[in-house]
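Keep the structure open while you read.

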Amino acid sequence: MPRVLPVDPRAPDPAIVREAARVLAEGGLVALPTETVYGLGALGTDAAAVARVFAAKGRPATHALILHVDGVAMARSLVASWPESADRLAASLWPGPLTLILPRSARVPDAVTGGGATVAVRAPSHPVALAVIRALGAPIAAPSANRYQTVSPTRAEHVVRSLGDAVDLVLDAGPAEHGLESTVVDLAGTTPRVLRPGALDLASLRRVLPDVAWDGPTVVEAGVRASPGTDLRHYSPAGRVVFVQNARDLERALASRGPGEVAFVIARELAPGEGTRGRRLPADPAGYGAALYDALHAADEERASLVIVEDVPEGDAWWAVRDRLRRAGGAGA
Ligand code: TXA
Ligand code: MG
């Protein structure tokens, strides 16, 4: 069991914030709450600490990490150029669930970028994450705090179960607000482009940057220099995932269970069915997104070998939920 310290998400105890910053400054790993999911943090300027993050997650070294900053000044210290689009986005949407990809500066260790020419920066809005970055006075490199290719953590318990003693300290501030990862926008190319749909919705993004490109559900989440297809199985529960459209499909899926096979139903409008394990999630995309990973974790805890998901609507409001569900099913984008 790692050390777990409860912390008030609205008014973090300064002594706990200092302790987290101390562990990070000494090269340790701290799991931190953010408004999206829990992150596995390391001092972003310390290549050895960053290497421990990859080892703890079992993540390939080419999959670059996000540097979490306390605002524009720290972000600018990590990049080689800061375009006007970054200024506009940061001014209206930071701190918040938006990650920007920019050309890196020499100050960023290769371990963070996977050797690539760009770096991901994001200012989280969670008071605990922001306070720890400020206390540290340096960026925190943090991927989601889970083993590679498993479901991201929205609660401290998920972190402990996934990473155990590989993390030195866990700050427990209760369930994450958004429950889905940040939206990633590439500003390093000729046109701004969404690389990963996320907790910041497309409409809010386009209000600030109308010309941002999104290739829709065919986009493959960009690991830096990752070959296409390597990331298709991601955010996955242990069981096989099947999608159903209606009550008839659901009945059929349940009937397809082998002897002793445990099914877990993630429903929206359908009733999960008599005596069936499962959860009914909120009908709106934000509420659904906030509850989805917790439901996938619950399916794993129940040792479900079949996870039946009622399909979600088309349309931009559901972009991040649809993306994560497809990946949970291993079907790719
Ligand atoms: O909400 C979030 O973004 C959470 C919290 C902890 O901040 N973090 C998170 O990190 O989801 P991670 O490592 O699980 O996902 C980071 C994403 C990956 O898809 C990675 O490929 C992409 O950002 N990324 C990081 N650096 C990149 C770069 N230089 N170029 C392109 N994509 C990059
Ligand atoms: Mg992740």
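## The nonpolar core

A nonpolar core here is a set of buried Ala, Val, Leu, Ile, Met, Phe, Trp, Tyr and Cys residues joined through side-chain atoms within 4.5 Å. Buried means under 20% relative accessible area, exposed means over 50%, and partly exposed is in between (1.4 Å probe, protein chains only). This is a predicted model, where local features need pLDDT of at least 70, side-chain atom pairs count only at pLDDT 80 or more, and totals for chains, interfaces and linings use all residues. Residues are numbered from 1 along each chain as its sequence is written, chains are lettered from A and ligands numbered from 1 in the order in which they are written, and side-chain values use heavy atoms, with hydrogens and water left out.

The largest core has 94 residues, and Trp 94, Leu 100, Leu 171, Leu 205 and Tyr 288 touch the most other members. Helix 10 (residues 285–301) supplies the largest share of this core, seven residues. Helices (H or I, at least four residues) and strands (E, at least two) are DSSP runs, numbered from the N terminus. There's also a second, separate core of ten residues, with Leu 250, Ala 253, Ala 263 and Val 265 among them.

Contact means heavy atoms within 4.5 Å. Leaving aside neighbours within four places in sequence, Tyr 288 is in contact with residues including Ile 266, Arg 268, Trp 318 and Leu 325.

In helix 2 (residues 47–57), the buried residues are Ala 49, Val 50, Val 53, Phe 54, Ala 56 and Lys 57. Seen down the axis, they fall within an arc of 165 degrees (taken from the directions from the helix axis to the C-beta atoms), so they line one face of helix 2. Ala 48 and Ala 55 are exposed on the other side of helix 2. The cover over its buried residues includes strand 3 (39–43), helix 5 (110–113), strand 7 (140–141) and helix 7 (156–163).

Helix 9 (residues 247–255) has Leu 250, Ala 253 and Leu 254 buried. These cover an arc of only 100 degrees around the axis, which puts them on the same side of helix 9. Arg 248, Glu 251 and Ala 255 are exposed on the other side of helix 9. Among the elements covering the buried residues of helix 9 are strand 11, strand 12 (263–267) and strand 14 (306–310).

Which residues does a cis peptide bond join? The pair is Trp 94 and Pro 95, with omega at about -10 degrees. Pro 95 sits in the loop between helix 4 (84–93) and strand 5 (98–103).

Gln 149 isn't a glycine, yet it has a positive phi of about 70 degrees. You'll find Gln 149 in the loop between strand 7 and helix 7, and at 28% relative accessibility it counts as partly exposed. Arg 303 isn't a glycine either, and its phi is positive at about 55 degrees. Arg 303 is in the loop between helix 10 and strand 14, and is exposed, with a relative accessible area of 71%.

## A buried loop tyrosine

Tyr 235 lies in the loop between helix 8 (202–208) and strand 11 (240–244). Is Tyr 235 buried or exposed? At 3% relative accessibility, Tyr 235 counts as buried. Along the chain, Tyr 235 and His 297 are 62 residues apart, and their C-alpha atoms are separated by 10 Å.
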